[in-house]
Amino acid sequence: MEVFTTKTNEAIPSGTASGSTTTAKTGPATAGASGGEVMFQFFGPKIDSGRVREAMEKMTERGRIGNVSLVPGTKLSFRQDVGLMLQSVVINQKGPIRENTEFILSCVAQGSSTMSFRWYKNGYFVNVTKATRNMWTRLLPLDSKDHYTALLGINRANRLDEGIYTCQVSDMGIQQCRSTKVQILEVPQLRVDPPSVTIFRGDSLLIRCLSQDTDRRFGTLGYSWTKNGALFQSDPNGELWEDLYPDGSILKVNNLQKSVVFTCIVSNSVAPVSRSVHVTVVEPGTVTLCPEGVDFGVSWPASASGPAVLADCPKRGTGLASRICEQRDFGRPEWLVPDFSDCRPEEVIEIENEFRGLTYGYQKTNGSNVLQSCLKFATTHGATFLPGEGGVLLELLQEVFSYIAATGTRHEQEIASDIILRIIDVVMQNKASLNSQQQIKQLQDLVQAAALNHETTMAAPISSSSSSALGPVAGPGVKHAASTTATHQLNSFYLYTETVKGLPFNLQIYGDQLYSDQLYMEMESSSSLQDIVAHGTVLVTVISYKNLTSFLPRFYFAKNSFGTDIDYIPASKIISSWLYYANRTGSEANQPLHVPLEAAHVEIIFQHENSPTSEWIPLCGYDAKATFEPTWRTDLCITENMLENITRCICPLSGTFVVLLAKKNYNPSVPKTSTRPILVVISCGCCFLQSCIAFAIMLPILYQRRCCVTFLKMQFCSATSMAMAILILGLLQLFPPVSRGDSIASDSGPFSGGSVASPPSGMAPERHAINV
């Protein structure tokens, strides 16, 4: 099939020719006549090219082609192209493609120079511009056989690349498709049973090592075992291992005498994979074990205190759950709360796979749909989240938000921010959903990023049944000096964002907006702030967390330079305020602006819990993020105790704030001793003096007559003098004029009572935090 194209410059009084496939292009009109260019396309065998040319020339001579009249002087051009024909779609590798290796798909077709190529996987368009990995497309120039070749390259193959790839070629309204199947050989997915175990000395053990059925599609797998990292010989009397049918391996261990780590190694042509089993051996009758039992749907074996015990996740998830058996007082062990942060529910795995495919360039879904799926999962399972299971969602939300920020439109980013805020609200309503410092920091980063994402329009309210005050403008409890604002109040946090349009700037938020707390922000018209405002749009963001304190440790411990332990308790809600540049990219994006306290500050009136005893006093704590570490600083804020449960904090504008209850003088003081042992000091002094006099008397005698007896006497005198001198100095140092108890009391600094404006002096880096 050939394509014959003719072009004429002509007048077009009554439309286009009929009976053929044509494309008309008209140019600018000329004086007295309508002129333009018309293109006629004829499809037929190559042998008819002469007849087509002859027919067109005759019609041009007559000055008429059908109902189209030609102006005098019309010129005719004729071009013959090859008709569309899709030749082949091939892969540059034979057989299955190993994971993490490169493969290239080639689509070879004949046709005109205007034809286009598109790639699809399993029926969905492959968009390399939306991919975050290294994949590419390329169109090679025409070869000697009049073939065009389109390439699709993927530098590192992944299991999600497996599927049916289709090349679609379009030319002059005609489409042709051809497909090929891509198979990926991935690393084996390995599982050991049991993941960890505790046994008594002399007992036997059986360990199974299994892989998934899909790992055997392209051949058998090789298994081997190591003991403490070293290979060992299979011995029926000790460690015996053998392969299972159709796949797997089993290790039988007899008469274990000490703790050991056994590792199962399985390999295929891609790479070896290993899983280890920690075997803890204890002496019978000497160690009390944490009892076996079923908790959170997981069967926990009897275990000794020490490393975390691993177990398979509940039925709805894959991975390993962990739990620590902790030794309590009097040798009594006790189970701690399990950690399910490494367990991934099946629904989340499906959502992750859809998102991974999106980042790989496969347009099966989009970022908003992925977040909607996350919201549906959180809404359905939020009330039954296992301890730490909410962290799995936060990790996925962070990746999706970063992807949309890099590839999505402004509208898509705003939709993503709203959905993420709603998901976080659901997660925070379950106090067991988060259990690590990384999860707490990730939660605050996500809320901050979502707030900053409204920097331009700030007019996208969150439509949620849990929202109590949503909309593009502030509520009655907010007074501000600018008009571009956005407020979002959910069950777990309140978020307020406003653009700073000029200086001075004042902001007041109070009442239910901050859960009964009050916030006053002031920005003076200083030179430093004038420079900041002049260099771009500046945003102010305020976030009040209703129950973030419940995810933090109940107690924080720190030690000052005098050795005094300080005990802190977070006693109020946590509030964050930030000053940002809007529309910044690169390293400057999401970076808060820090200004001096005298130029801009935030004043917060906290309502907090009462002090347990008179030993506890409130302090204003400042940090960049609320974490599990005792990094709260109390020297950057001015603290004023207004009532027993109300404290005013004046702090720098950008930061996270909380009221801490601090216990003064945590360590007991050394008992007082009123006087030194004067009698003992005088006696030692007399002995020292007599020894020195005796040494001086014997010195000339030894000079006149050398005698060993005299020399020995002089040695005795010198030794006695030195001993008495050391004893006297020791007594003077041991019993100073002022008791040590008085010294420690004087070192307590700000903990002497009343209003506190600074922390204990000389705070050392030795800090601890516990969750009770």
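Colleague: What makes cysteine 209 and cysteine 264 buried?
Modeller: Both cysteine 209 and cysteine 264 are classed as buried, a term for a relative accessible area under 20%, whereas over 50% is exposed and anything in between partly exposed (1.4 Å probe, protein chains only). The model is a predicted one, in which local features need pLDDT of at least 70 and side-chain atom pairs pLDDT 80 or more, while totals for chains, interfaces and linings use all residues. Residues are numbered from 1 along each chain as its sequence is written, and side-chain values use heavy atoms, without hydrogens and water.

Colleague: How do you know that a disulfide joins cysteine 209 to cysteine 264?
Modeller: The S to S distance of cysteine 209 and cysteine 264 is 2.0 Å, and a disulfide is a pair of cysteine sulfur atoms within 2.5 Å, so the pair qualifies.

Colleague: Why is the disulfide of cysteine 209 and cysteine 264 called left-handed?
Modeller: The torsion about its S-S bond is about -80°, so the disulfide is left-handed. Cysteine 209 belongs to strand β19 (residues 205-211) and cysteine 264 to strand β24 (residues 260-267), so the pair ties together parts 55 residues apart in sequence. Strands (E, at least two residues), like helices (H or I, at least four), are DSSP runs numbered from the N terminus.

Colleague: What is the handedness of the disulfide of cysteine 290 and cysteine 325?
Modeller: The torsion about the S-S bond is about 85°, so this disulfide is right-handed. The sulfur atoms of cysteine 290 and cysteine 325 are 1.9 Å apart. Cysteine 290 has a relative accessible area of 0% and is therefore buried; cysteine 325, at 2%, also counts as buried.

Colleague: Why is cysteine 686 called partly exposed?
Modeller: Its relative accessible area is 41%, so cysteine 686 is partly exposed. Cysteine 717, at 8%, counts as buried.

Colleague: Why is the aromatic pair of tyrosine 622 and phenylalanine 657 called tilted?
Modeller: Rings of Phe, Tyr and Trp (its six-membered ring) pair if their centres lie within 6.5 Å; planes under 30 degrees apart are stacked, over 60 edge-to-face, and the rest tilted. Among the 10 aromatic pairs, tyrosine 622 and phenylalanine 657 lie 5.7 Å centre to centre with 45° between the planes, so the pair is tilted. Tyrosine 622 is in strand β45 (residues 616-623) and phenylalanine 657 in strand β48 (residues 655-663), so the pair ties together parts 35 residues apart in sequence.
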